[in-house]
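Hi,

Here is the structure I said I would pass on. Have a look at it first, and then read my notes below.

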Amino acid sequence: MRTALRQRWQALQLLVRPRQPESLPASIDRQRIYVLPTGFGLFLCGLLAVMLLGALNYNNNPALLLALLLATTMLASALHAHLQLSGLRLEALSAEPVAAGQQLRLRLMLSRGDVRPRRGLQIEHGTAAAHLDLQGDSRREVDLWLPTRRRGWLDLQRIRLSTTQPLGLFRAWSWIWPDTPLLVYPAPETPAPPLPDGGSGNARTHVHPLGDELQQLRPYRPGDARRTIAWKHSARRDSLLVREYERSSGTELVLDWNTLHTLPHERRIARLARWVDEAEREGRRYRLQIPGDIVTSGNGDAHRHQCLRALALLPAA
């Protein structure tokens, strides 16, 4: 029964607007807003029907006037709920990639096309929900925390924007379906063996804040950590000096897919993802070799993203 109801509900979803993903910015107009009474609104409708029948049966003009006034209030409430959504606009959305299994922070920028305040707005995507008001500012950023289960592209489904303002008698809602895919990194293996030996034939050192040996003292630059300041030397020089350490890094580290031939497909990806994080944490230069792609040697946030993106987009086994 539940499966049949779910299938029918999904079939009905194909009839609502928009019927396909749309590019941003996306505006909400009157043609894509739906309004239906809430549970309390249905109860009040039944009560008004009984009041109208009783007033007409007994020819009670005050009761008939009261029922008509309440009905007018309900209609005004439905119109006001519709106006809460009309003119809203989703300007943009963005999200930083996370490892599979973690929550993805989806940032949405909403704006309004007029000066009317919007209260009690609710944004939903699956089980994720957030509430906001648009009153003083014409724009507002809101966050949705989406669960992630597997690596690769996370295709957004319809995002529902709804409200029950002002009296809770009617619910107005509309759908936005962005065509912006979001990237999910592979989950790193935990625990994992240490990094493969990069060799020591061409060992070299590099500056690292967590190094082992003191390399030099240099003038302070904005952004340097307070714990790296050499206070005694700074007092003698009357200027701030910062300690710089060095760490031996060995040769270039090669993270090769073929060396993990004894592991299953997804375990290889998880281990390489863990090694990428470990190499980045230690400040090593590393190169990733996977089927159909080779990420050249480097380090830093951009290089890490390039490696994890290549691992995330590997086809399934």
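What follows is what I found in it, grouped by region.

A word on ground rules: this is a predicted model, so to speak of local features I needed pLDDT of at least 70, side-chain atom pairs count only at pLDDT 80 or more, and totals for chains, interfaces and linings use all residues. Residues are numbered from 1 along each chain as its sequence is written, and side-chain values use heavy atoms, with hydrogens and water left out.

Helices (H or I, at least four residues) and strands (E, at least two) are DSSP runs, numbered from the N terminus. Helix α3 covers residues 61–85, and its 25 residues should span 36 Å at 1.5 Å a residue; the end C-alpha atoms are 37 Å apart, which agrees. The expected span here is 1.5 Å times one less than the number of residues.

Just past the helix, Gly87 has a positive phi of about 95°.

Which residues of α3 are buried? They are Ala67, Met74, Ser77, Ala78, Ala81, His82, Gln84 and Leu85. Buried means under 20% relative accessible area, exposed over 50%, and partly exposed in between (1.4 Å probe, protein chains only). Their cover includes β2 (33–37), α2 (39–57), β3 (88–94), β6 (118–125), β10 (159–163) and β11 (170–176), with contact taken as heavy atoms within 4.5 Å.

**Two buried strand residues**

Arg118 lies in strand β6 and is buried, with a relative accessible area of 0%. Its side chain reaches the backbone oxygen of Ser86 at 3.0 Å. Leaving aside residues up to four places away in sequence, Arg118 touches Leu83, Gln84, Leu85, Ser86, Gly87, Leu88, Arg112, Asp133 and Leu134.

Leu106, in strand β5 (residues 103–112), counts as buried because its relative accessibility is 0%. Its contacts, again not counting residues up to four places away in sequence, include Leu93, Val142, Leu144, Leu156 and Leu182. Leu106 and Glu96 are 10 residues apart in sequence, and their C-alpha atoms are 8.0 Å apart in space.

**Salt bridges**

The structure holds 13 salt bridges, each being a side-chain nitrogen of Lys or Arg within 4 Å of a carboxyl oxygen of Asp or Glu. One of them joins Arg89 and Glu91 at 3.2 Å, N to O. Arg89 is partly exposed at 30%, and Glu91 is partly exposed at 23%.

Another pairs Glu189 with Arg267 at 3.0 Å, N to O. This pair links distant parts of the chain, 78 residues apart: Glu189 is in the loop between β12 (182–185) and β13 (205–207), and Arg267 is in helix α5 (residues 265–282). Glu189 counts as buried at 9% relative accessibility, while Arg267 is partly exposed at 38%.

Arg304 and Asp277 also meet in a salt bridge, at 3.0 Å, N to O. Here the link is between helix α6 (residues 301–312), which holds Arg304, and helix α5, which holds Asp277, 27 residues apart. Arg304 is partly exposed at 27%, and Asp277 is buried at 16%. Salt bridges that share partners also join Asp114, Arg116 and Arg118 into one network.

**Backbone points to check**

Most residues other than glycine have a negative phi, and most peptide bonds are trans. The peptide bond from Leu24 to Pro25 is cis, with omega near 5°, and Pro25 sits in the loop between α1 and β1 (26–27). The bond from Gln165 to Pro166 is cis too, with omega near 5°; Pro166 is in the loop between β10 and β11. Asn59 has a positive phi, near 55°. Asn59 lies in the loop between α2 and α3 and counts as exposed at 62% relative accessibility.

Best wishes

Terms used
Polar contact = N/O pair within 3.5 Å; in protein donor to acceptor, adjacent residues only side chain to side chain.
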